[in-house]
Amino acid sequence: MTDQFTLSRRNAPGTLSLDWCRLCDARAALGRIPGPLSTTARWCSANGIEPFAVDETVLAAVADYLTTAGTWTDRKEAYRQVRTYWNAAVKQVPGWPQAIIQAPPRPPRPLTSAVVRPTARTLENLRQVVASSPLLADNERMALVSAITSAARWLGRPPGELPANLRSLDPQLKALARHYAQLGVSRKTVTNVKSLLRKALDLIAPRPALPPVSDPSALTPEWRALWTAWRATVPQAYGPLSFLMRHCSATGIPPDAVDDDVAAAVADRMMACGCRRDLPMAIRHIRGYWNQAVETVPGWPSRRLTLGLAARGPVSLPLTAFPPVFQRSLEDLLVVARTGYQPGVTGLRARAEARKSRAIKGDDSRKKDNGGRKRLRDASIEGLGDFVRRFASWAVHHGHRKLEDLRAVSDVVNEQVFVEWYDAYCDKHVPTGEEDMPRKPAKTLHNACGFLAMAAIRLPLEDAPVVADLLPMLDCAREEHETYGELTPENQQKLAQFAIPDNLRALHEMPIRVMEYLESERQSRTAAGETPVTPRMALTAAAAMGVLLLNSLPVRVLTLSGTRLDNVQWPLARHADGAVAYEARQTKGKIPARAVLKPWKMMLLSIYRTHYRPLLGDVGNSFLFPRQGEDKPMRAAPFSGLISRVVARETGLAMNPHLWRHLATKLLLDEDPRYQDTVNRLLGHHGAGRREYGGVSQDQAAAALETAVDRIRARTPGRARRTAKAARRPS
């Protein structure tokens, strides 16, 4: 075998054998040869290994060479790169030898006896231990010392004053990760420093690790068979379930004996190993992946896990469980909500009843007297039907009504049932010794009263006494637990984040950064012969595009998730402005909304539409954020949560889509208090621009918001505004 530090360059005479030279020339005709593949060819030629003799052991030796020579610090990643580029060449180059499918077992790491293991009380002691450790390569030692120094500098204390204990340091580092922009580094840098610090701490306090799955002794034959069936069904190997298999194999627990107690022990061991820092999340992942395997993997044990699930009360009855006459009554109610007219009631009588219902409800004169009640949107109709069904189920479960006696909606939507429900709700949610209900339950109470009022004023004419008795009770309940008024303390705290201009910059540049690294990953996966876009990448791109639209036009999340492709006005020229526009029927206030989008925003939207959106929905789906399997948009609540998670991950900011409306108001009014009409027009509130001889247009309001943001970002010290590199790359 040749000396592992004396490989010649690939183009040097005599470096490659004839067979390797022929294969490398064929690969070079397709483009630049990747480094791991070039190293494989040179190492095999130097050691007399022909291409047809390359197997897992040979590639493992190449990975060892790369790690020892200092090209890579992680042997596992080095082997993955070597094998990935080798398999890509199998698909791209005619005549290339066979693919290498399975990774070889990793040799066990040398362990140091606990008696002679060094100790460290502070980070300064830890830095000295790392600097003198014989178990580390020179480049790895430098990286660990740098990570210890960076962590101490970010925490603002000398290394000698910080404990060498991850349990004490982790909460402080986690808080820093949320505000990495203030440190002048990226989020990935903070993550890398935490990982290196944990690796340094392993030198003084090793974690009770388990052997990897690739080790033949890691799994018993029973678990190995389940692992093979699982990987055949779910190609992505999820960590918590893999950890459970290895733990059960090490402790002698067969698959049929796994229950909630075993899952709890696995979660505790994951916490002890440092694999998870959040016990409820670890339990949730173990339970979720196990139950998914029960449903999808052939031969998997049929026992489901319930660990961590709270005891639930009686569930709501399906609509089919109610008597047919009640179902027809609910259908008639929804017809009135959809059309605005009572079945069989027309002419002057309909107009009189419409005026009467509006007078009872207290509606103002803005609603036109069109001979009927206000027509509701599809989402409101769906919510109304679902609420009446759940409200009736509650009355049945608690003995206030018998299921077989229900004949009409008015049997449950009345004063008597509401009083019983209201008393039970207050007993559950009003703290002992207090009078006020917490904000979130109070908001739920307001929503319930709103649905009951919507149903009551649309009941048939013979139920008019029910309406007259119920509506005053609803008004009293709302007034007793008022929630609407000034901005909530939670939202005030979230908006306080933007007193730092860097946070506003990070929020508005997030779509650019996200699409940059997604495009880089897509091109890398394409070059390696892998699937260019994964579902996770597509969802991240959808969240980034949602943020891009909210930065330009802060609409409600229901409107945002329902954005159609034709709501975006795509320009014909490459460097031309576009726009996003919503019709009146798509907004809550029935007011059209529109904003001009600059060319770089349109370019990002085009990249998303071309490469990422197809993975989210079918070909014929007409929505910008589609739902898989149906011609419908993503549901508003999951889409809102997706945006919040991606924003928190990329910027460290706590945001939700509705908070963009508060942020736009703050930015405009901070720039000029006279922007109140502009704010109303931008948010689509009634009364905006209702002047007889003119007012603020929607485009002007959106342009004012963008101008205010640009002014604030221009005053921010530091780097100039980033350009959309992803948009300039050829797609």
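How many of the eight residues of helix H27 (residues 676-683) are buried? The views below come from a predicted model, in which local features need pLDDT of at least 70 and side-chain atom pairs count only at pLDDT 80 or more, while totals for chains, interfaces and linings use all residues. Residues are numbered from 1 along each chain as its sequence is written, and side-chain values use heavy atoms, with hydrogens and water left out.

**View 1. Helix H27 and the residue that follows it.** Six of the eight residues of H27 are buried, so this helix is largely enclosed by the rest of the structure; buried means under 20% relative accessible area, exposed over 50%, and partly exposed in between, with a 1.4 Å probe and protein chains only. The buried residues are Thr678, Val679, Asn680, Arg681, Leu682 and Leu683, and just after the helix Gly684 takes a positive phi of about 75°. Helices here are DSSP runs (H or I, at least four residues), numbered from the N terminus.

**View 2. Thr651 in helix H25 (residues 636-651).** Thr651 is buried, with a relative accessible area of 2%. A polar atom of its side chain lies 2.6 Å from the backbone oxygen of Val647, and the side chain of Thr651 also reaches the backbone nitrogen of Leu653 at 3.3 Å.

**View 3. The aromatic pair of Phe387 and Phe451.** Rings of Phe, Tyr and Trp (its six-membered ring) pair if their centres lie within 6.5 Å, and planes under 30 degrees apart count as stacked, over 60 as edge-to-face and the rest as tilted. With centres 5.4 Å apart and planes at 20°, the rings of Phe387 and Phe451 are therefore stacked. Because Phe387 lies in helix H16 (residues 378-397) and Phe451 in helix H18 (residues 439-456), the pair ties together parts that are 64 residues apart in sequence. Phe387 counts as buried at 8% relative accessibility, whereas Phe451 is partly exposed, with a relative accessible area of 23%.

**View 4. The aromatic pair of Tyr608 and Phe625.** This pair is tilted, with 6.1 Å from centre to centre and 40° between the planes. Tyr608 belongs to helix H24 (residues 599-612) and Phe625 to the loop between H24 and H25, 17 residues apart, and the pair links these distant parts of the chain. Tyr608 counts as buried at 0% relative accessibility, and Phe625 is buried with a relative accessible area of 0%.

Terms used
Helix = DSSP H or I, 4+ residues; strand = E, 2+ residues; numbered from the N terminus. Polar contact = N/O pair within 3.5 Å; in protein donor to acceptor, adjacent residues only side chain to side chain.
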